[in-house]
Structures are given as structure tokens and as C-alpha cells.
Number of protein chains: 4
Amino acid sequence: MPAHPLRFGLIGTGRIGQVHAASIAADPGAELAWIADVFVEGARTTAARYGGKATDDVNELLVSGAVDALLVASPTPTHTDLISRAVEAGIPVLCEKPIDLDIDRVEELRPRVNASGVAVAIGFNRRFDPAFASVRARVEAGEIGALEQLAIISRDPSAPPADYVGVSGGIFRDMTIHDFDMARFFLPDIVEVTAVGSTLFDAGARTHGDFDTATTVLRSSTGATVSITNSRHSAVGYDQRLEAFGARGMLQVANAGTSLVSFSGASIVEARPPYQDFFLERYAEAYAAELREFIKLARGEASTSPSFDDGRAALILADAAQRSATEHIVVAVDLA
Amino acid sequence: MPAHPLRFGLIGTGRIGQVHAASIAADPGAELAWIADVFVEGARTTAARYGGKATDDVNELLVSGAVDALLVASPTPTHTDLISRAVEAGIPVLCEKPIDLDIDRVEELRPRVNASGVAVAIGFNRRFDPAFASVRARVEAGEIGALEQLAIISRDPSAPPADYVGVSGGIFRDMTIHDFDMARFFLPDIVEVTAVGSTLFDAGARTHGDFDTATTVLRSSTGATVSITNSRHSAVGYDQRLEAFGARGMLQVANAGTSLVSFSGASIVEARPPYQDFFLERYAEAYAAELREFIKLARGEASTSPSFDDGRAALILADAAQRSATEHIVVAVDLA
Amino acid sequence: MPAHPLRFGLIGTGRIGQVHAASIAADPGAELAWIADVFVEGARTTAARYGGKATDDVNELLVSGAVDALLVASPTPTHTDLISRAVEAGIPVLCEKPIDLDIDRVEELRPRVNASGVAVAIGFNRRFDPAFASVRARVEAGEIGALEQLAIISRDPSAPPADYVGVSGGIFRDMTIHDFDMARFFLPDIVEVTAVGSTLFDAGARTHGDFDTATTVLRSSTGATVSITNSRHSAVGYDQRLEAFGARGMLQVANAGTSLVSFSGASIVEARPPYQDFFLERYAEAYAAELREFIKLARGEASTSPSFDDGRAALILADAAQRSATEHIVVAVDLA
Amino acid sequence: MPAHPLRFGLIGTGRIGQVHAASIAADPGAELAWIADVFVEGARTTAARYGGKATDDVNELLVSGAVDALLVASPTPTHTDLISRAVEAGIPVLCEKPIDLDIDRVEELRPRVNASGVAVAIGFNRRFDPAFASVRARVEAGEIGALEQLAIISRDPSAPPADYVGVSGGIFRDMTIHDFDMARFFLPDIVEVTAVGSTLFDAGARTHGDFDTATTVLRSSTGATVSITNSRHSAVGYDQRLEAFGARGMLQVANAGTSLVSFSGASIVEARPPYQDFFLERYAEAYAAELREFIKLARGEASTSPSFDDGRAALILADAAQRSATEHIVVAVDLA
């Protein structure tokens, strides 16, 4: 155990900010030192609950000298600026995904981040889910031989508000981006993207020219492929499955149930209650593990956290998918 | 392949008789030579479909000289006499269970059967079910270490007609008798029987002083135990499960589904259609395998068919269970 | 029951020919009248087992006047000619898939078939599988609301011999063609095809410039999409799954197991034996049901058999997939 | 939310004491005020972690005037005395099971408890497990019709130390007692007990004349029955299952897995990692819910906590089972 807990500055106190605040407060190796939110009430409420000082001014936090690590959970448009300032200040930062919706801003920031030597992690929390992490470890250990096909099914319980859809960057940059990172968790070197999108049910998507349904196929440099199946709604609850198919077998991640109980009667048997409702519940362990890993990273210990370049790669794939689905073409990508 | 097919004499052309007639006709090593039924029309219809001569007189069949093996599927009260005559005639016989409802008649017949050297097999077909047979083979192979607890769940879809209940000998001699034999398939040397019976729903059982619900616990000489759970009805369909629990793991037999399809919706997930309806469907493979094994036995080749003594042991256990449930006592048994 | 059984002429006595011969012989509404094979020994052996006259000359069969229906199970290059002659002779024909590997020959034959009024069915047997047929019926009945995404997983246990790969027409025309028809069973009006192919493990595929691994995405005119996942090998056995995802739920077809037994021990729990090995076992019921439906069709009764146009559509999709995978483009198709 | 948190006095800081201390500390409606343990270091360490004052003298705690509710997690022989003193002091008490190993002491205490009007709850935490509680609620709601057969499987991962076995009161009073209470959660009015015990593998049990394997059958006054299957070891992990079988269907509680991942390969398919290891993990939610319910009870709000009489009934059943298994008799009981 290190001499003192890692003092966190948290920026943004929305839904995800709350998750991280709770994780920081619960982790014996960390504490919440400063909390910033332009809606200062959010910062104050969070500080009252989990500790730390509240401010509406990020600067105050950055110059306080009392922050060892930054956790960025503010809206996407603020991310690159905050990463930039964290890097300048030499403060390790864990930034929620996506880095930005505009790849140009990401590319512009990239050399500075990579030259800085400051740890920058991107919040692809699913890499830390015990099930996905276990499958990857077993694949790496050779349990199913060479990985040939990866299938990711990712469906949200219901579509987001129409307003949100309008600023989300579209389904690929907003939702599939998690799956792009998951694909690269197993097969980092993707070289080709094909995506098919449809707008079948969501009025918000229709209004904003977005898709609510998408299937994406990625090809890696080795020829191994990934299929990603997305929908913005799912009657059965949060649908998060994965199948890694290899030369010697396969590993599958099932949906997370909410009960050990099943019912059998005259017309159906072994019926179970619906799956867990959404990501805060499904990925609760993943968020906590993500923070633990980032703490190690910030302390200079070995870490497996997704990097700035991983965040950039996911965005490149999202852009390529958007273009593929819109223009009905296959898009080659270079993630180097 | 032997020079000529085994010529079967079939006695009784009811539901089970039909199953055996079809198995004999379909088996390249067997043929249906004679069919006897006191309702001669049943014999004639069966002969027309599967071959063989029809008669209402069992004697004609026994003295024909054209019968190499006997299959007894007539009502229970005829069994001991037919076994006796088959043994006298030196004709191997496969007789449906139970041998009789009266243990005295079984004991009286026993020395003659065992002295005769004629093969007598009792129709405990479940030993030939691929699932149960596989579990037993794996237990024998040591896959779960020493067998400590065996659990059998056996529930019929619905209660038999009240008239039948009246002549059935009671739930233990009529229904549980299959489970007693299955128990002895794994743990032959049972020394103690405790049974708890209830009459909860079946008017026929109430009328005839029978139980419709029963739980029986058997103890073997090694201390390993068996629990048998019975009901005369089951809303979910034919409920036939088994669990062999040993020092190093367990083997479980699930119910047989009727479809590979499952449904998931807003209130339930992974719901499947009901189980197979009843024994003719569930044990179709077992009946065919039972016949194949008996053919080997009749030809003098190695065989695993349940013997006359197995039939006697099951009846002794049924009598003990009946006594235990009626008198509320634990009953010691000696199957030697 | 009609006055007399439908007299079948069977052409081709290979693996599939044998399946059909057995189905015809077992169906009380049909009989095997003539069997033709250029390897006349195959015809003779089949006739000896299932009845009928044997010949090496298809002509003899066609002019016999003793054939009410034709079953074409000979090699693919003979199909169009035999369909043509059957149509000319006014004999209903069930022809194995594919109609041909060359769409031009199919298009050339098409007007004659459709003008003839003679029943021509193509052997997409999977439509008759109880599980797939049940899912489609339930989708049609609205159980899951509007169908939005269909996922088909179809992996063979092992790659075919290299020689066969060379003449197979490639994975899309040879293997995926079943899945294209299954896709159209649910969503007939496909308008766009994207396929990604890889050659990862099979030397035969490498030699002949074929893929051994493929993912195909189809878009229907309604925007509903289909993903098809193929591999020429599968360590777990024949992998045949389907998922129909709709606005109100989903229906899933699981793989067919070989046993009701599961094992639980110190390191794994609920482990079951491998899946059924291959299509003759997995689709045995489908082949029988296919024949029953074709018999109805040949008798002029209502039928749901896949038509010549269904066979043509599947080939168009296969051609489009081949082009998409080879040229890395998205291909628009018009199945009208 | 009440004006102030309920101030708890905790007695005993062993394994279960720690669970309760954590639950009290985490519950916003409660706080840890005093902690007593004869090993005062345990009390001090617990106080340092969760708050409260530490003492080795229970008296100090009881007369402090700062304790609104008592949680008794000290060794079984201390239970009746502590309950007695809590009742005298008018302090609601949640006491770990069993009340005592000697029914005479329980009977002696009973009139005082029931006359006092002070809330006394016994720690049968499994009633609060979400799965078991859900099954009971659904049974009560009539979802499976009349409850006819209840099956409880309860196997510990491994046998306790031999020393513990010697003072445990035997398998029925120590382990099955939880299952007796679960049985009565569904069917309170048990009238007959039959138990079969064996000593198959555990040297500690052999030394102390205890059983390591047991099957118990209970009959309720309605004729509905309960079977309880126990073992002191289980290679597959903590085995905790329940099946409620009724006239219209059944509800089943499966074992709790540790992962959503399954493996399929050439020799096995759908194999999952072992079950949760033991009760602290399996029943974590149950312990927390138990405390929440007790807080309501202590505050005089409605409660479903198991009562002193439930604790007495479980012990009577345990005594009856012990006698049944030892003397090989069926034992009638009267829980009134």
C-alpha cells in the first residue's frame, strides 16, 4: 500500500461522474480531493457525499497542487482541452470516451500526449468487465487456438432522447465506439470496415439522420474478422454478448440475468426474468476495476488501461463505419 | 450377423406390445413370428402391420416350434405363468415389469427360473436410455469418484384413470418400481427403505386408498443413499431427471425438450417449449436398445439386461415403501 | 390418402440421394419406382435396399411412364438439364441445391420453368427444420413484433476435400447458399450484399483461391438486416444457430446437443457433450419434412416448398457476396 | 427516514459478526454504537473499521443506554442468556441461529420472550435471499397453484474442522437447521420428520459420531412434503438449490455462477466456471436484507423476520431428524 491515497480531481458530476466518485471514495488507495462542475451544485452535492472541495472552475482544481490524478467525466466537447491541460500540468488523466467526435482535434492533440510521458487513459470500461477480460485472457493463453471470428452483440434497452441523438455524433461514434474498442481488445490491428445501418423505429434517429440499427464487420490484418450487431432498443433488456471463435473451440459471454429463479409451466419451461437493465448495473464491476487499474497507471505501476491511441483508433473506426454505412462502400483504415 | 433372425413370439398387443412389435420388425436381427392376444383382433392387426401369425391362444405359440424368444407384454397377472411356461419350454423371455404385484408368487417362481439356465429379462427399459446409461458408465469409470447420493425425479404428466389405479398395486408397485430399478442400476444393494406418501389431488387415488405424491429414501449397504421424488401429475410434461453426486463432482440428466427454440421478451427470457409428453416419446430409444440387448441375451451373447432377480428386488422395495408410507416406519430389507 | 403412392424417379445415389431414397421408402404416400446413376452399381444397391428399377440412363427413367415425380440428387452440373427435361415431360421435380453455379444458365432456364406450370422445387431443406420453421411461424404471427435483425451462424465441422473445394463454386455458392435461402425465408426482398472473406486455415481453400471464413451482411428493402457467419471448420461440431430479433423480443435456435447429460466438477460445471456432428444428423427431420411437402406439391396440393425462383435468388446473392468479398465493394442486387 | 439512526450493539466479532458490522455501517438507518467481544482485540479492530466503542464486557454495552438494538453473533452457548438479558432490558435483538443446541433451554426461555413484547429475531438469513424470497412470493401469489413438493439441496463446499464438528450439535442442528427454516418458510406446519444419515468421507464426523451426508423428508399438515439433501462436501462449490413444485408448474432456484463465460471445445460444450464458493459470497445480499428487515422490526414497523418461535421450530425439527436418523424411526412432531 502506498504512503498516501491518490488525490483525485473529478470533472463532471453527471451519471458517469457519480459512478467514478463512488469508486474513488470506496477505493482505499484513492480519495476525492477536488470536484469541478460548471453546475456547481452538482459538485457540492457530490463533495458532501464523497468528500473533497467543490468548484465551478476547473482551473482552480488544476492549480491547487492537491490533485494527483484527473478524472474527466464532463461532456465530450470539453475532453481534448482537459486532456491537453492535464498533460501540460503533468497530471495523469482518465478521460471518458470518446476523446472527441472530431478526429482532427484528436490527431492534433496526439503528438503532444504521446511526447509528454504523462499517463492518459480513455474510459473504455468494458475491457475491465470480468467476463470480457477473462475471455481475452483465455484467448491469449491459447485456449481456443488462433482467434478467427469475434462476434459482439450490443443492444441498448431503449433509444436515447432525440436531443441527445442530435449531438451524439451518430450511433457509431456514440454507441458502437465501445464495441470498436472491444474488437481491438482482441484484434488491435483492424484494416477494413464495412457497416450497414438502418433507421427502423426511433423517431429521434430519423429526425437527425442517424441509424438506430447497425451491423459492422471489421477485418484485421491477420484476416480474422469481427462482427458487431447494434440496436438502439432491446425488449429483453441490455443485450451484451460476445463470442470468440477459434480453431480449437469458442468462448462465449452470456447476458447477465437478474435472478437465479426460473419458471416452468404448461406452455413454457425454464423461463427466467429479464436481463440486467443497463450499463450502470451490468458494468458496475468494470467501472471499479477500471479505476483500480488507472490508479496503478497513475502511480507508475504496470497497467493495462486503454491509451489515448486506443481512443483515437476507436474514433477512426467509427468514422469509417459512418462513411461505409452512408456511402455504401467498404472503407480501408490505417490505425498506425 | 447370425445365420437367421431371432423369431419372436409376442404376447399382448396393447400400447407397450406395439412398441415392441415395431422394434422387432425394425431390427435386422429379429422377426415377428407369432403374436398372441386374447383379443385376437389386436393380434391380427399387429400381424398385418409387422408380420407373423396371429392367435388368441398362447399355447399355440409356445408349441409351434417357430419361436426362439418370447416377449411378454400382456397384463401383469399373466406374467408369472408365462415366464414359468417359457422357462419350461426353454425359450428366453423378456417380460414387461412388474413380474407380479404379489411377492409370494415371485418368490415361488424364483428357484425354478434361476435353476433353469433359461434367460429371463425384465423390461426395465430405462436402464437402456442413452442418458441414464451414459451416467452409469461414467460413474462406473470413476468420473465423479465414489457415488454418495443419487436423486431421481420421476413425475408423470397426469394421473391414470381411476379404474387403473384400483388394480395398479399402488404408486410404489406401479410407478416407483421403475425408479427402484434405476436406483439399483447404480446401487444394487439396498438395505433400508423409508417412504412418505400423500394424496393431494387425484380423485382416483383417494377412492382407492392410493397416494398420488411420494418421496422415498433408500440406503445402500455402503451408506450411499437414493432419494426418489414422484408425482402422478406434472404441468410441465413428463419430468424425468437424475443426479448422481459423488466425491469429485456430479452428473445430471436434464429433461428432454421438444424444440431448440427459446423466446425472450420484456417479461421473461430464454423460455422454451414444454418437455416431451410421456414415456413412449421420452424412452423410444431405450425400448429399441432394450430389445437389442435382449436379442444378444437370447443368443447367448453377453448382456446387461435386468434379470428376474432385479425384477424381484424392485418389487421387494416397492412392498417396503408401501409399508413404510402406510405405517410410518422405516423398513429394513434384504435383497439377497 | 390418395389412391396410389407417388412413384418417384431418383437421379443420383450419393450421400444425399441415399437420404432421399430412405425418406421415399419410409413415406406411405410415396414409392421408389426408378433409380438412375451413371455409376449403375449405386443405382442397383439403392434399388435392392429401397425398391425400384435401376438404370444408368436417365432417359429410360424419363420415358418409362412410371414416374410421377423426379428427385434430382446428381452432381450440380447436371441440374439445369434435368430440370429442363422434367419440365418438358411435365414431371414435378425436386432438385438439390444449387440449381447451377452459373447464373446465366439459371436465367436461361427460368422463363421455361415459370411458363410450364410444372412444379419445380429446390432442395433448401433447412426451411423444413422444425426449429427454423417454428421461429418463422412465430415471427409471422407477430410474436416478436417487426423483425429487425436476423443472425445466422453456420459452421461446418471440417473443411471439405481440396478437390471438392476446386469445383464447389466457392464458399458462398456452395455453403452460404443455404444461409442465403434461410435469410430469404424470413426476408425475401434482399437489396444489398456485403461480404468479408478470409482464408485462415484450409489448405484446399488456399490452393483454389477460396475463402474458409466469411461474414456476410444482407439488407432487405425494409431496412431489416441479416448477418451470416460462416466457417469451414468448427471444433465444437456442426454449429447451426439462428436469432430473430424484433421490436418486442427475440427467438433463438440453439445447437442440437447429443445428450441430456451434463457434468459438473471442481473446475467446470454444467459441461455437456459436443453438438451433433453434421447435417445428415442435424437435418434428418428436415429432409423428411421436405419430401412430405414436395409430395403435396407434386399432387397439386398447397405447398411451401422453395421454388426455382428461390434457387435463383440464392445464387444471385452468392454471386454478389463473391464479388463483394473479392473486390471489397458493397453490391446492390435486384431479385425481381 | 427516522430522526436518528438505530444504534446497534454488536456482540461477537467473528466471521458473521464482521458481516453484520459491515452491513450496519453501510446502512444509512443504522450505526455501530458498541461492540463487545471477550477477545477485546476483535472488538477494537472492528470498532476502528466501522465505528463504535469496544469492550470485553457485555454488561457495559447493555447498561450504556446508547444501544437501541442488539445483534448477537457470539458462540451458540451464549445465545439464550443474551436474548434473555436483551428482553429484560427491552432491547430488540437479532440473534444468530441456532438459539441453542438444547431445546430445554429454548423452551424455558420461550414464555418470557413471547410475553415481553420485545422484538426477537433469529438469523435465518436465507429467507432474505432474493431468489428464495422471490420463489416464496410467487408461490404465495399462486403462480404454480397449490405447493405439493419442495426440494432443497444444500451442500457445503467442504467439511468443517473436526474440533468444530465435535461441538456443532451434529449436522442436523448445525447445517440442516437452515434448511428446516427454509422448509417452514414455505410450509410452516411440519408434523413428521424422517431422516437418513450416513458417514461416508469426513474423518471429523466419524470421530464424533456425526453424519456427513443426510437426506431428510418432512411432511406438513396439508400433506405437502419437503425433501432436504445435505452433504458436508461438494466438489462443484457451494450447492444451494431449491425447487417448488405445484399443481400448475414449478419454480427453481439455480446455483449462483461466478462468471458469464462458457467454453465449448471438441470434447465438451457450454462448460462454465465453478459456482460461488461459500455462504458469505452466496448470501451477501441476504445478510444485508436481513439487517434492513430487522431495523424495521426494531423500529416497530412491519417485519417479516423469523421469530424466536421459528428458531425453536427449526431446533425441534433438527432434534427429530437426529433421532430419526439415529434410531431408524419416523418421528412425529408438534410445533405448536
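This report looks at one helix of chain D and at how chains A and C pair up, all in a predicted model.

## Helix α5 of chain D

Helix α5 of chain D covers residues 103-116. With 14 residues at 1.5 Å a residue, it should span 20 Å, and its end C-alpha atoms do sit 20 Å apart, so the two figures agree. There is still a bend to look for: a kink of about 35° falls at D:L109, shortly before the proline D:P111.

Follow the chain just past α5(D) and you reach D:G117, which takes a positive phi of about 75°.

## How chains A and C are related

Turn chain A by 180°, with a shift of 0.0 Å along the axis, and it lands on chain C with an RMSD of 0.0 Å. The two copies are therefore related as by a two-fold rotation axis. In chain A, the C-alpha nearest that axis belongs to A:I329, at 2.9 Å from it.

## Where they touch

Chain A puts 28 residues into the contact, and chain C puts in 28 residues. On the chain A side, strands β7 (147-155), β8 (190-198), β9 (213-220), β10 (225-231) and β12 (249-253) each supply at least two residues. By type, that side of chain A splits into 12 nonpolar, 13 polar and 3 charged residues.

Of the interface residues of chain A, 100% are also interface residues in chain C, so the copies meet through the same surface.

Note on methods
Residues are numbered from 1 along each chain as its sequence is written. Chains are lettered from A and ligands numbered from 1 in the order in which they are written. This is a predicted model: local features need pLDDT of at least 70, side-chain atom pairs count only at pLDDT 80 or more; totals for chains, interfaces and linings use all residues. Helices (H or I, at least four residues) and strands (E, at least two) are DSSP runs, numbered from the N terminus. The expected span of a helix is 1.5 Å times one less than its number of residues. The bend at a residue is the angle between axes fitted to the seven residues ending there and the seven starting there. Copies are superposed by least squares on the C-alpha atoms of residues with pLDDT of at least 70 in both. Two residues are in contact if their C-beta atoms, placed from the backbone, lie within 7 Å. Ala, Val, Leu, Ile, Met, Phe, Trp, Tyr, Cys and Pro count as nonpolar, Asp, Glu, Lys and Arg as charged, and the others, Gly among them, as polar.
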